Amino acid sequence: MRLRRPRPAADEIPPRPYIPPSAFGAAAALGTAGLLAESAWRGRAAGTAPWLDGAHVVGALVLCAAALAASRALAVPHPHAAARLRWMGALGLLAALGCARWAHALEASSAVLERPVSAFVLEVASDPTEGAFGWSFTVVARDDAGRAVARMRATADERPARGEVLRAVGRAKALDGSTWARSRLMRGEVAQLTVVRVLERSPSRAPDPLGALRSRVLAAIDPRRSPARALIAGAVCGDDSALDGTAAADDFAAAGLSHLVAVSGGHLVLVAALLQRALQRARAPVGARNAGLAAAMTAYVVFCGCAPSAVRSAAMACMGLAAGAGGRRAHSISALALTCAGFAAIDPGAVFDLGFQLSAASVLFIAVFGRYLSFLLARTGLPHGVSEALSLTLAAQWATLPLTLPAFGTLSLVAPLANLVCGPLMSAMLVCGLATAPAAAAVPALSCVLAVPEALAQLSVFAAAVLADLPYASIPFSASAAGAAAALYLPALAVFLAWRPWSPRAVSALAGALVAAGAGWVGYWTLAAPPRVTVMDVGQADSILVRDGASSLLVDAGVDGRVVDALARNRVYRLDAVVVTHWDADHWGGLPDLLAAVDVGALYVARGAAGSAPTELLQSLPCEISELGYGDRLAVGGFSCRVVWPRAPVAGEENAESLVLDVRYRDGGRALSVLLTGDAEAPEAERFASEVGDVDVLKLGHHGSAASVDASVLSVLDPEVAVASAGEGNAYGHPAPACTQAVAACGARFLCTIDAGDVELAPAEGGVGVSAGRGAG
């Protein structure tokens, strides 16, 4: 007979969850693994041997031993503190030893670079993803005896199959010091491989019935047939490569639904629940039922390609089953703690994996706050089903926002609603897909049965598109990791410590205040932003924001996604228009990322330049390209932006063909004049300088190159401030000494985004107000 813990009544606050000593041990293990793994990365980057400093390992071991010793001394007077210290010492010790083993294995596997690629057999160990440089995937290099030598990240022109074995000619090089390289090393990969030519390919040498079944199911689904089919393949088989880069994938991201696209812990929970119900109806013994569930979950994880989130969820579920088999009550926080500690000891690099962090944080917050939030929401009058579903979404977002905001710089405002709408659709699609896809793979004549999950997938794609298209569904949002953690995790700690049964009126008032504060913030910066011209720091590229009230114009879009980060820093949530001065990549390259993040009303180029637009850009434009000719004006609130160059139609492919804007503002005694020159240099400036006349600010052409200005141009323009947009450590030496010396000689103040960050220029009486993001104001 099983003893069930009674659920609290609807109007009774649920008990505060118990935080077990193992949770403190898991925190110690994760901290130890993180510090030692970072030490190994720094040692590798510095070229030291061994990578992991032995003193750091010894220090960690000494601290863990001290915690164990202290636990013995506190065992009687403070048993709870003793238990926590005991777990911290024990799990921290395991993590330190595991990290030493991990770092040594990685260092040894880097010897793969000493031999030619053709000397190894390459086993494809991940689903390939398509990118700008071909197909990218992870390979395990094996010697002729079949021993694994190293893991590498490979790129190839042709798409291999997961599990395929290759003999190839290629170039392997050590990982550099970039953030991307750091993330790959933390995943156990020690080199970057470019496959030049495949000499031989063959199926996996090891028997892989689940892999073969997965291939047949994927062939039956045919994920490249439509976004709906791609969605089924991601949910059922864990292969979302066909969905990557599509409009549907962008919609799911904007609506905060990316976690539903591929196999995750939620999918595994649903599969386990269905199987458990079937086993209960079959009246299987508890032991056989638990063993069957564990075997089924393991098989499903392998079938789906061992997605990390699914592996972690399976480990937690198996720990819960083991606890039940041992006569103990399953405790989700304990299972999470032991799972995290296990990963810290076995694969310390996982501590830095964003997916691992998101999984652990969301499971923890759901376990701690899920029932409490459901209780509070139910008190406001929401139906029980809605309050439960919404509480899970809110708890998960509360946990993950401090991680996702610094990483992605976007905030989905429709995520709670989107999860309520699409969550049930996606769950139904998964159930139907699991039931029908294997049947269609086994009997091709039954492929029509896929019509049911396909219809549900189409509804999900449609709903995501509608939600993503809502105004301000997703907005750029800038937050540091420390700031986001303090803003969201400290209140979580306060709520946990207080654990009060707030009245319905208080809950409604708090929710209303939060919504009003968010709406007021977005509304102010969307409708009432003060007049400013901001030269944004986007690296070795140009991007200048002209803004006043509800009007905003972006002149050039940088070279990459940093333009979205810059807009987030400046609290820009939509743009009336973007002007591309010319078709150099450092002036338009960030447009695809920008268009995916914010609404853009229009796109302008110089007259004659629309026909030269890059083909890859045309595929993502939401509007036609309009052209501006000499003398045309754009009004941005109180700003008037007049085209002063070029004076004839151009292709927009040369620096000299850059579109130049004379930006003017006047409101009573406050005034501002800024000349935005793109990449135009002194020869062009000499032809329009006299027409422009005196300006407050000159945005130096071509990132402050030696030829950007000369004394004659500066004497005519007579700027108070000259600003260059350049990237730290650029190969061109921008800004050039000749440029900075010429600016100093004319008496103007010089600023560069390398040192100053974003340079904000404001209208003022008798001058220009200047502020800078990095202390140069």
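Buried means under 20% relative accessible area, exposed means over 50%, and partly exposed lies in between (1.4 Å probe, protein chains only). By that scale D542 is buried, at 0%. This is a predicted model, so local features need pLDDT of at least 70 and side-chain atom pairs count only at pLDDT 80 or more, while totals for chains, interfaces and linings use all residues. Residues are numbered from 1 along each chain as its sequence is written, and side-chain values use heavy atoms, leaving out hydrogens and water.

**Salt bridges**

- The structure holds 24 salt bridges (a side-chain nitrogen of Lys or Arg within 4 Å of a carboxyl oxygen of Asp or Glu).
- D542 and K699 form one of them, at 2.6 Å from N to O.
- D542 sits in the loop between β9 (529–535) and β10 (544–549) and K699 in strand β21 (residues 697–699), so the pair ties together parts 157 residues apart in sequence.
- Strands are DSSP runs of E, at least two residues long, and helices are runs of H or I, at least four, numbered from the N terminus.
- K699 also counts as buried, at 1% relative accessibility.
- D127 forms a salt bridge with R162, with the closest N and O atoms 3.9 Å apart.
- This pair links distant parts of the chain, 35 residues apart: D127 is in the loop between β1 (121–124) and β2 (129–131), R162 in the loop between β4 (148–156) and β5 (165–174).
- D127 is buried at 18%, whereas R162 is partly exposed at 32%.
- D560 and R562 meet in a salt bridge at 3.0 Å, N to O.
- D560 is partly exposed at 27%, and R562 is partly exposed at 40%.

**Second largest pocket**

- A pocket is an open set of points on a 1 Å grid over the protein atoms alone, where a 1.4 Å probe fits, with protein on both sides within 12 Å along at least five of seven lines; lining residues have an atom within 4 Å of a point.
- The second largest pocket holds about 1900 Å³ of space.
- Its lining has 43 residues, and L394, L510, A511, L514 and V515 are the closest to its centre.
- Helix α17 (504–527) is among the elements that each supply at least two lining residues.
- The largest share of the lining, 12 residues, comes from α17.

Key:
Grid points are joined across faces, edges and corners, and a volume is the space filled by probe spheres set on the points.
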